[in-house]
Amino acid sequence: MIPEIGHYTLILALFVAIVQATVPLIGAARDDRPWMEVGRTAALAQFLLVAISFGALTWSYVTSDFSVSNVFENSHTDKPMLYKISGVWGNHEGSMLLWVFILAVYGMALASFGRNLPPALRARALAVQAMVSVGFLAFIIFTSDPFTRLDPAPLNGKGLNPLLQDPGLAFHPPFLYLGYVGFSMAFSFAIAALIEGRVDAAWARWVRPWTLVAWCFLTLGIAMGSWWAYYTLGWGGWWYWDPTENASFMPWLAGTALLHSAIVVEKRDTLKAWTILLAIFAFSLSLLGTFIVRSGIVTSVHSFAADPTRGTFILGLLVLVIGGSLMLFAFRAPSLKAGGLFTPLSREGALLLNNVLMSTACGTVLLGTLYPMFADALNLGKVSVGPPFFNAVFVPLMIPMVATMALGPMMSWRRGDLGGALSRLKLAFLMALVAGMASWLLHGGSVKDLEAAGGLALAAWLFVGTLVEWAERIKLFQGPLAESFDRARRLPRAAYGMSITHAALAVVIVGITGSAAWTTEKIQVMHPGETVSLAGYDLTLNGVEDGIKGPNYTASRASFTARKGGAWVADMSPEKRLYTMPPRPTTDAAIHTNFISDLYAVVGDADGKGGYVTRLYHNTLVPWIFIGAVIMVFGGMVSLTDRRHRIGAPSRKRNV
Amino acid sequence: MRPTAFLPVLIFLVLAGFFGYRLVMIGNGDSPSAIPSVMIDKPAPQFDLPPLYDGKAGLATAGLQGQVTLVNFFASWCIPCRAEHPLLSGLTGKGFVLVGVNYKDKPEDAKAWLDRLGNPYDVLVADRQGQTGIDFGVYGVPESYLIDKQGRIRFKQTGPFTPETIEKDLLPWVAELNK
């Protein structure tokens, strides 16, 4: 009964979405308030209906109702409760339902919090949101129904892919989707603005907080995915440039560019068409990410079962949404009048450079991800594009970007003083030089150590540069300390957000540099009692215990003791698990961190003669990557608490 | 109206065209992860293998001439081979000679395996060192090579056959080569 309710409310939601996609639009065109208001009511109704539907599927999972085909395919009574719940979105149908549910949550948020928006703009934005809803609801109902019943009901389910049975991955998809789908808000506002033919400072002020919310979630989602890959794939790496990872990284790059160009629209009333285009891109790339993972057009290590029928449906949807919005852009964008002029050497210029570099980086990732598909279609042979390509093109793009990141905030609007900014950054330059030289000399001073030195110098430049900019804003050491303190207190939260996020990127860069340059690994067969030395640590294999029973797996657990100079550091117990349903082996790395570097141990197969294959890594500075990502999200949240960013707070009349 | 404003939509449509083409190809059964074999349409490599059972006939390259042959690399230690085995048993009298190459295996293990499951092969030879497997380009067992009457490799199955691949790929190829 419960699954039928879910199915029924889902179909009702489709009809409500159709109403929401049309009536407010007509109302806005005719300037008819009651018709426009339908958008708000419909958005709330849609949220309720989809929430009931999502709840019904969750209920079927929690109670292990195997008469529902989707539950039978992906769940099992032995699974811990956490993974019964995460099983809801651990499969194609359920994850699509989560997708529309989050879309409905954002729609509801726009309907409830957007009270200060001009009614016509809000009505149009809600209608655009609903159009996307219609597409995805139809997709679920016609090609991916999660509520299909089985008769007779099987006794037990097939179980969830063991790789997904992990706390890190359980909550990775919801955060990722909150990010992906969050960009639908910027998209809807962009399309609404194109229909109205008006983009102004107030518009940018409304779009920024929504984009920032999406950006925070996406950053966290990507970091969680990376952390998961780091400790479960068992290869010591944290980013593989896999198509699925790229699919989430591209919207992040476009979204980051959008956050910055929206500032220019808000402060200087220019770069309007470009900002609209970025808003369309950020959401389009989110949709493309959904498509790439589900259609089987590129191969990936972790993806959903490829299905060309669904692929065709989503492709049709993409052509309508992306093609349609870009077409609208082509006709309407030239009429958006640009406001303030600026010289290349200005804050606008620096933000524009950031945009160009971000977009180029995004385009490069797109090209690298899709190149195997192009090459195959054009008969250039089967190729795979891997990390060497991405590293070779991505790093050179990021260097000038990080270099301007310290400089940009020091420049004034319209016409900046490059010489002045550079001279105020003397300290940052000095510290970069010191950091680079120190790292270079400490590691032997050979040519191959130069790359790492460059990375650290760049990070120091950005970090110190950001601090200097903040110190200047509060006039630190230029007057009485009390005055600086007072200024610091009154400095807008958005400014703090920027400083924290930029500094956090410096932390991430240190992590990436360290992991790329100084990671050491040893792979060998070890017998119990044997000791291997790695990066100053002595790792002893005490033994391996077989046949440990977990709730739905049996594990072999190795026990290592790590010592440094004879002194005990840590006990580490990596596991190799064989899940029962479905039978699949997984590795569970043991990680001991001191927040600067990780000791990372993986146990592999027995060699049949009493030895075990073990992989031991000393991952330098990898924790900083994840710490940096979390600080970055924190910075975004600080910025969100800015009074001026409070969703719906600004109004057009007061600010223009 | 500015022509450059149409650039994004044009680029997107080209991209969508590629996606559509790719989807049609997947619909036709072409998987983007399929690994093409460089051995297709080349003569089978030189080999001369001893029989698995003493006293039976061995097989050399020259023995492939004159009839359609399916060369199946298998091993008793390989679990997918175990899954493929009953399918092979159903392939007798389908218009080709089934050659089993026991790959990197102990003869006694292979014999015990065949005793238990049955022997579907017309000719059974042993490649204990795996040299012939390397010459054929075997990634991993099971792997099967369909060889025409002139001794050229025409079709390769990477991994175990399934009822679908036998119907869709193997049998049509056999019919074609027997024309």
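Author: Two strands count as paired when DSSP finds at least two bridges between them. Keep that in mind as we look at this predicted model.

Reader: Happy to. What makes β8(A) and strand β9 of chain A a pair?

Author: The cut-off is at least two bridges, and 4 bridges join β8(A) to β9 (residues 597–606) of chain A, so the two are paired. They run antiparallel. For one place to look, A:His592 has A:Leu599 in β9(A) as its bridge partner.

Reader: Which sheet has β8 in it, and why is β8 called an edge strand?

Author: The sheet is an open one of 4 strands in chain A, in the order β1-β10-β9-β8, with antiparallel pairing. β8 (590–593) and β1 (520–526) each have a single partner strand, so one side of each is left without a neighbour in the sheet. From one strand to the next, the twist averages 15 degrees.

Reader: How do you know that β2 and β3 of chain A pair, and what do they form?

Author: Again we need at least two bridges; β2 (residues 531–534) and β3 (residues 537–549) of chain A have 4, so they pair, in the antiparallel sense. A:Ser533, for instance, has A:Asp538 in β3(A) as its bridge partner. The two strands form a hairpin with 2 residues between them, and A:Ala535 in the turn has a positive phi of about 50 degrees.

Reader: Over to chain B: why is the pairing in its open sheet of 5 strands called parallel, antiparallel or mixed?

Author: The pairing is mixed, and the order is β5-β4-β3-β6-β7. The edge strands are β5 (123–127) and β7 (153–158) of chain B, each pairing on one side only. Here the twist averages 20 degrees from one strand to the next. One parallel pair is β4 (residues 97–103) with β5(B), over 5 bridges, and B:Val101 stands opposite B:Val125 in β5(B).

Reader: What makes A:Ala279 and A:Ala186 contacts?

Author: The test is C-beta atoms within 7 Å. A:Ala279 meets it with A:Ala186, and also with others including A:Phe189 and A:Leu258, so these are contacts.

Terms used
Residues numbered from 1 in each chain as written. Chains lettered and ligands numbered in written order. Predicted model: local features only at pLDDT ≥ 70, side-chain atom pairs only at ≥ 80, totals over all residues. Axes fitted to C-alpha atoms, helices over the stretch in contact; angles between N-to-C directions. Contact = placed C-beta atoms within 7 Å. Lists of a residue's contacts leave out its neighbours within four places in sequence.
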